[in-house]
Amino acid sequence: MGKEQPAVTAQALALRQREISVSEFFTKNRHLLGFDNPGRALLATVKEAVDNSLDACQEAHILPDVFVEVRQIEESRFRVIVQDNGPGIVRQQIPKIFGKLLYGSKFHTLKQSRGQQGIGISAAGMYGQLTTGKPVSITSCSRPGRPAHYYEIQLDTERNQPIVLKEAEVEWKGEGCGTRVEIELEGRYQKGRHSVDAYLQQTALANPHVDIHYLPPKGDPMRLPRVVDALPPDPREIKPHPYGVELGLLQGMLKAAKGQRLSGFLCGSFSRVSRATAFEISSRAGLKPEAKAHLVLGEEVERLFRAIGQTKLMAPPTNCLSPIGEEIILQSLRQQIQADFFTARTRPPVVYRGNPFLVEVGLAYGGSLPADEPIALHRFANRVPLLFQQAACAITDAVLRIDWKAYGLSQSRGALPGGPAVLLVHVASVWVPFTSESKEAIADYEEIVREIRLALQDCGRQMGRFVQRRKREVDAERKRSYIEKYIPYIGEALQEILDLRADRRSLLEENLKNMLERSRS
Ligand SMILES: Nc1ncnc2c1ncn2[C@@H]1O[C@H](COP(=O)(O)OP(=O)(O)OP(=O)(O)O)[C@@H](O)[C@H]1O
Ligand SMILES: [Mg+2]
């Protein structure tokens with residue numbers, strides 16, 4: 001045994017204790033962001049850039065044209081290029097957006113969007129820089145007809161700050177405005193369920209208003225044309241609902257509300273709090289509505305928090321959501337999937353922890369879909385496909401808990417149902433409770449699972465009816481063709497028994513055939 005190390009003193013520890021920058025943290029924990037192996041990293045990079053393009057176009061009310069290229073540079077090195085026709089990015093903002101983690105426009109906003117954390121694209125750039133040493137290149141034009149700004153940016157991980165390596169004015173090669181992002185990274189290009197191709201196809205499924213051009217590293221270019229010309233409903237920003245606010249957060253909000261009265265603070269900071277309700281909450285908490293908000297402290301905050309819980313409030317407004325809609329889900333499924341039967345359901349919005357959300361389900365059955373495999377389950381959160389962590393997701397959980405046998409599919413315990421079907425499940429919310437920062441699975445909130453179940457059951461019942469009807473038709477057809485085969489023998493037997501002439505016999509057979517034919521329609 002070696003000599004024991006001397007014990008460390010608090011003073012010695014103090015010398016080692018220091019701040020950890022968020023970028024250092026995520027460099028070490030890149031799996032949390034979905035960059036844990038080269039295959040996933042390539043997909044995550046495309047995904048972060050495309051999700052941002054679609055968000056930006058939606059906010060700017062532009063029908064998105066997205067160009068994606070994955071160019072192979074070496075065996076395991078790729079250059080991902082994503083260009084959109086969105087509003088572009090103001091020059092001064094470019095360095096921070098691409099060279100600083102936790103910088104974005106969506107984190108503090110309560111409305112449905114694909115991004116929410118302000119990590120996505122800078123994390124992709126950071127991974128590229130880590131594995132290839134190359135900076136991120138950005139070209140963005142934010143005023144039509146004017147030159148675009150070109151930047152090459154690196155991220156100083158120790159300080160979580162951008163370093164601008166190059167800056168220039170260039171011509172914008174595209175109509176209107178837009179942004180082009182290029183990231184070089186160590187990656188692996190793969191096919192199948194977790195591929196860039198699958199991600200883009202599923203993106204098109206939940207966003208049929210998007211036109212996607214894709215140039216893969218090998219093979220033919222892929223085009224996913226726009227299916228509907230209408231923009232999705234424009235989600236409105238809402239204030240937090242009082243029921244969704246936790247005690248610590250309320251404390252922080254009060255502290256920051258310098259110069260405001262308690263009643264004004266309550267009305268102004270939350271949705272569904274009128275002056276009358278603010279007075280009701282204050283008096284229930286034993287506080288004066290005209291008290292200074294930032295001086296409501298300690299035990300008073302707890303009373304206020306409890307009073308909020310005891311006051312009846314209207315549910316939050318739901319125009320903060322942008323559902324795909326039943327009609328459009330059907331159109332989109334029909335465009336991509338060859339099937340005999342389609343159905344869709346958009347549930348009315350409901351609330352979890354004060355956050356409005358809604359669930360949509362689309363289902364395709366039969367046709368050329370494989371009958372003896374598990375169904376294909378496509379999960380979406382705010383119109384973004386979730387390709388990983390299927391087993392850990394509330395959507396899968398809800399699917400597994402349905403009795404699919406009742407609707408005509410096969411099922412064994414703990415497995416996805418089997419049969420010729422594709423299932424699309426979309427959860428849309430102002431704040432999707434993901435199980436991790438890589439946004440791959442939705443946490444098991446009881447309210448969310450319940451809504452998914454209801455939508456699945458609705459679609460399941462429709463499919464069940466179709467399967468039954470088709471089964472009856474197939475049975476009847478089998479009987480008919482059986483009888484049809486025997487008509488000549490029946491004719492012959494009757495001719496003999498009744499001593500018929502040949503023309504009477506053919507007339508009889510003809511009549512029988514006609515009767516069978518009539519039963520078909
Ligand atoms: N193509 C683009 N066009 C216009 N603005 C963009 C584009 N890409 C990014 N942005 C802006 O940069 C911000 C940061 O993007 P980033 O992907 O890092 O975070 P996010 O999308 O807000 O959240 P998340 O981490 O969940 O993706 C966005 O909030 C948006 O304001
Ligand atoms: Mg993003």
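**View 1. Lining of the second largest cavity in the predicted model.** The residues D55, Q58, E59, K111, Q112, S113, R114, D234, P235, S322, N382 and R383 line the second largest cavity (a cavity is a set of points on a 1 Å grid over the protein atoms alone where a 1.4 Å probe fits but cannot get out; lining residues have an atom within 4 Å of a point). Its volume is about 80 Å³, taken as the space filled by probe spheres set on the points. By class, this lining comprises six charged, five polar and one nonpolar residue (Asp, Glu, Lys and Arg are charged; Ala, Val, Leu, Ile, Met, Phe, Trp, Tyr, Cys and Pro nonpolar; the others, Gly among them, polar). This is a predicted model, in which local features need pLDDT of at least 70, side-chain atom pairs pLDDT 80 or more, while totals for chains, interfaces and linings use all residues. Residues are numbered from 1 along each chain as its sequence is written, chains are lettered from A and ligands numbered from 1 in written order, and side-chain values use heavy atoms, without hydrogens or water.

**View 2. The largest cavity.** Among four cavities of 30 Å³ or more in the structure, the largest holds about 130 Å³ of space. Of its 14 lining residues, A44, K47, F388, S438 and E440 are the closest to its centre. Helix α3 (38-59) and strand β13 (384-386) each give two or more residues to the lining (DSSP runs: helices H or I, at least four residues; strands E, at least two). The largest share, five residues, comes from α3. The lining has seven nonpolar, five charged and two polar residues.

**View 3. Contact of α8 with α9.** In α8, L262, S263, L266 and C267 meet R275, A278, F279, I281 and S282 of α9 (heavy atoms within 4.5 Å). Six of the contact residues are nonpolar, two polar and one charged.

Terms used: On a 1 Å grid over the protein atoms alone, a cavity is a set of points where a 1.4 Å probe fits but cannot get out, and a pocket is an open set with protein on both sides within 12 Å along at least five of seven lines; lining residues have an atom within 4 Å of a point.
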